[in-house]
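Below are my notes on the model you asked me to look over. They go from the whole chain to two individual residues.

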Amino acid sequence: DPQQLELATSGKRKLRRFIVIDEVVDELYGSKVRGYFEENNVQHKILALPTTEETKSMDLVLNILQEVQNFSIDRRTEPIIAIGGGVCLDIVGLAASLYRRRTPYIRVPTTLLSYVDASVGAKNGVNFLQCKNKLGGYTPPVASFLDRSFIQSIPRRHISNGLGEILKMALMKHKGLFDLLNRHGKYLLDTKFQSYSGSANHGDAALQTTRIAIETMLEELAPNLWEDDLDRLVDFGHLISPELEMRVLPSLMHGEAVNIDMAFMTYVAYTRGLITAEEKEQIIQCMRGLELPVWHGGCSWPLIKRALMERLKHSAGQPRMPLPTGLGMAEIFNDTSEETLERAYKLWVRD
């Protein structure tokens with residue numbers, strides 16, 4: 001808007017920003033963030049919060065909204081900025097959607113998982129009654145700012161965690177992405193997704209991997225942003241993992257729980273004859289190469305049955321089960337019998 005631009009640059013009105021930042025990110029980058037706003041003469045309030053699955057609640061949303069109210073933002077011209085991992089982006093997105101019915105917000109992901117997953121799409125939410133993301137809505141950000149340099153400061157396990165969501169897109173939609181992960185997985189872990197000029201043998205694997213992951217995610221989400229169609233390939237790895245993740249908190253991270261779900265579903269696909277024994281083995285070995293867990297003792301047969309019953313409740317009475325039908329290919333199935341699931345489970349546990 002030229003008028004708003006004129007107002008902002010004429011000096012008649014001081015620019016103001018409200019920023020929510022994860023407290024760990026604040027320790028690492030807080031001084032840079034503050035320096036940036038001071039240098040650009042922006043009046044700002046930075047709220048550093050512990051944003052974890054355990055704190056992902058309406059209480060934290062209301063805490064943010066109280067601070068937003070105290071700072072008194074203009075909901076048309078002063079977007080709230082969220083800097084952190086997926087939990088931070090989810091919480092702030094929900095807070096922004098509630099304040100004055102809809103306040104614009106900007107996502108700045110700082111983990112690999114949030115870079116390729118939470119930065120894309122419209123969803124936000126918090127946990128409620130021990131259920132993952134039970135409260136939430138669909139309010140897209142006005143922008144997502146992607147900067148891979150944040151990823152260099154996160155622990156190796158967190159890189160692996162993000163690779164779980166990237167592998168999901170590879171298995172569902174993109175054989176080339178699967179091959180990239182197979183070839184360069186260890187290198188990406190070792191270099192923490194940073195691009196180096198001396199990496200001739202690997203091309204720019206970090207850029208290629210993240211770009212393809214985001215593009216394939218957008219291909220899936222953009223035509224179905226509000227989830228009017230419940231048949232979603234991006235739900236692969238998300239049928240059992242919500243129940244498992246909440247049950248064993250904090251021992252599994254989100255991408256790890258997703259990968260355990262994907263490992264089991266790979267066995268379901270094999271048991272159904274959708275993939276060969278060799279393809280099943282390739283998938284499991286790729287997961288191991290990315291240092292992702294392929295099994296967890298908490299993922300019991302009763303938990304799987306309970307999770308699938310919960311799935312039926314919010315998927316209009318159908319399981320809508322995405323399964324690989326090859327490497328980088330998938331379909332959604334509604335006819336997997338309990339006997340098939342149990343046989344797959346026994347084989348998975350045995351292996």
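Predicted model: local features only at pLDDT ≥ 70, side-chain atom pairs only at ≥ 80, totals over all residues.

1. Residues are numbered from 1 along each chain as its sequence is written, and side-chain values use heavy atoms, with hydrogens and water left out.

2. The protein chain holds 13 helices and nine strands, where helices (H or I, at least four residues) and strands (E, at least two) are DSSP runs numbered from the N terminus. Its radius of gyration is 21 Å, close to the 20 Å that the globule rule gives for 351 residues, so the chain is as compact as a globular protein of that length; the radius is taken over C-alpha atoms, and the rule is 2.2 Å times the number of residues to the power 0.38. Along the principal axes, the C-alpha atoms fill a box of roughly 70 × 50 × 35 Å.

3. Of the 351 residues, 52% count as buried, a term that means under 20% relative accessible area, with exposed set at over 50% and partly exposed in between (1.4 Å probe, protein chains only). The chain exposes about 16200 Å², of which carbon and sulfur atoms supply 51%, with areas from the Shrake-Rupley method and a 1.4 Å probe.

4. Among contacts (heavy atoms within 4.5 Å) between residues at least 6 apart in sequence, 75% join residues at least 24 apart.

5. The UniProt annotation "domain: 3-dehydroquinate synthase N-terminal", from an unreviewed entry, covers residues 48-160; positions are given in the numbering used here, feature names are shortened, and annotations may be inferred rather than shown by experiment. The span is 35% helix and 25% strand, and its end C-alpha atoms lie 25 Å apart.

6. Asp90 is found in helix α4 (residues 86-98) and counts as buried at 15% relative accessibility. Leaving aside neighbours within four places in sequence, Asp90 is in contact with Lys56, Lys123, Asn124, Gly125 and Asn133. Of these contacts, Gly125 is 35 residues from Asp90 in sequence, yet the two are 5.3 Å apart in space, C-alpha to C-alpha.

7. Thr271 belongs to helix α10 (residues 254-271) and is likewise buried, with a relative accessible area of 18%. Beyond neighbours within four places in sequence, Thr271 is in contact with Thr340, Arg343, Ala344 and Leu347.
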